[in-house]
Amino acid sequence: MRLSFIKCHGSGNDFPLIDARGLALSDAEWSAAARALADRAGPVGGDGLLALLTPAPGTLQMRMWNPDGSEAETCLNGLRCVARAGFEALGLHEAPVRLKASHAEVALDPPLGDGVVTVRETVGPADLDARWVAGAERIVEAPIAPLGSARAFTAVAMPNPHLITFVERIDEAELVALGTICEAAPAWLPGRANVSFVEQRGGDLFVRTFERGVGLTNSCGSAMAAASFAACLTGRLPYRVPLKVFNAGGLVRAVVGDDAMVTLSGNATFEWAGSAEVDFATGRAGELVVERHYGDEIAAWSALVDGLAR
């Protein structure tokens with residue numbers, strides 16, 4: 001089957017995005033499409049597959065699958081891209097969005113830089129119920145014994161699960177090692193988890209994440225939200241004060257409310273539009289046809305990133 005999509009990214013987190021309104025695929029077919037289109041060894045590649053739906057007038061819905069075909073509870077970098085696609089399809093500037101296990105509010109926002117389409121998203125409340133980690137009730141600034149690390153972690157659900165630890169300097173090899181343990185879905189963590197190392201840089205943060213179902217990624221929006229909340233929860237940063245969250249792919253603006261709601265504002269950049277043949281039986285993508293390039297948007301984002309001190 002030939003599927004049309006827009007290749008897009010939020011803060012360097014890149015995805016094929018399908019306008020799924022009127023498209024009838026089974027869950028198994030969506031999973032196969034994600035494995036095909038997000039495969040870095042295939043013709044498209046990405047950190048997952050996004051789908052836009054419109055369940056009711058003025059309302060958006062996002063579904064997101066990881067490259068391994070598993071469906072994620074949320075993806076905040078992807079949400080901004082889906083929101084933009086929905087705004088343009090329906091002539092909206094803001095809307096509520098239904099996610100797999102929660103809801104969000106999205107709106108167009110002042111641009112991060114010249115020519116950078118920017119979307120604001122508000123999600124939460126962040127959840128500290130940590131029973132998904134070995135049945136623990138709450139983990140805040142504490143080691144997780146089965147993980148085998150002396151680092152102190154905070155467990156936060158946004159609503160997807162995150163293990164956040166603050167470090168003086170990010171050691172990617174250590175992050176990958178801990179993320180790989182979690183990715184294996186051990187008995188004490190059957191649902192797996194995203195693992196983030198976070199550097200505090202004055203009133204801002206730098207976040208590096210090993211993402212569930214993806215691996216080491218340039219950016220993870222829900223991890224940036226979880227890290228921002230954890231920084232305020234542990235007294236490192238104040239609530240209700242804007243900050244910037246940097247990552248390997250770029251940055252977002254963030255504000256954490258004392259009600260545990262988190263607002264992120266970041267880019268929703270379209271790179272190109274096209275279509276590819278997808279074989280649902282094998283989970284592989286075939287012939288790719290690129291129909292349009294968004295050169296101005298790519299250049300605008302590159303100019304912004306080139307000017308960052310990360």
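This is a predicted model: local features need pLDDT of at least 70, side-chain atom pairs count only at pLDDT 80 or more; totals for chains, interfaces and linings use all residues.
**Entry 1: the end of helix 3.**

**Entry 2: the start of helix 3.** Next I went to the other end and looked for a cap. Asp-171 caps the N-terminal end, with a side-chain oxygen 3.0 Å from the backbone nitrogen of Ala-173.

**Entry 3: length.** I checked the span of helix 3, which takes in residues 172-183, twelve in total. From first C-alpha to last I get 16 Å, close to the 16 Å expected at 1.5 Å a residue.

**Entry 4: the buried side.** Which residues of helix 3 are buried? I find Leu-175, Leu-178, Gly-179 and Cys-182. They sit on the same side of helix 3, because the arc they cover around the axis is only 100 degrees.

**Entry 5: what lies over them.** I then looked up the cover on those buried residues of helix 3. It includes strand 9 (161-166), strand 10 (194-201), strand 11 (204-211) and strand 12 (215-217).

**Entry 6: zooming out.** I count five helices and 17 strands in the chain. The radius of gyration is 18 Å, close to the 19 Å the globule rule gives for 310 residues, so the chain is as compact as a globular protein of that length. Along the principal axes, the C-alpha atoms fill a box of roughly 50 × 40 × 35 Å.

**Entry 7: burial and surface.** Of the 310 residues, 56% count as buried. The chain exposes about 12100 Å², and carbon and sulfur atoms supply 51% of that.

Methods
Residues are numbered from 1 along each chain as its sequence is written. Side-chain values use heavy atoms; hydrogens and water are left out. Helices (H or I, at least four residues) and strands (E, at least two) are DSSP runs, numbered from the N terminus. The expected span of a helix is 1.5 Å times one less than its number of residues. Buried means under 20% relative accessible area, exposed over 50%, partly exposed in between (1.4 Å probe, protein chains only). The arc is that of the directions from the helix axis to the C-beta atoms. Contact means heavy atoms within 4.5 Å. A polar contact is a pair of N or O atoms within 3.5 Å; within protein, one must be able to donate a hydrogen and the other to accept it, and residues adjacent in sequence count only if both atoms are side-chain atoms. The radius of gyration is taken over C-alpha atoms; the globule rule is 2.2 Å times the number of residues to the power 0.38. Accessible areas come from the Shrake-Rupley method with a 1.4 Å probe; for residues, only the protein chains shown count as cover.
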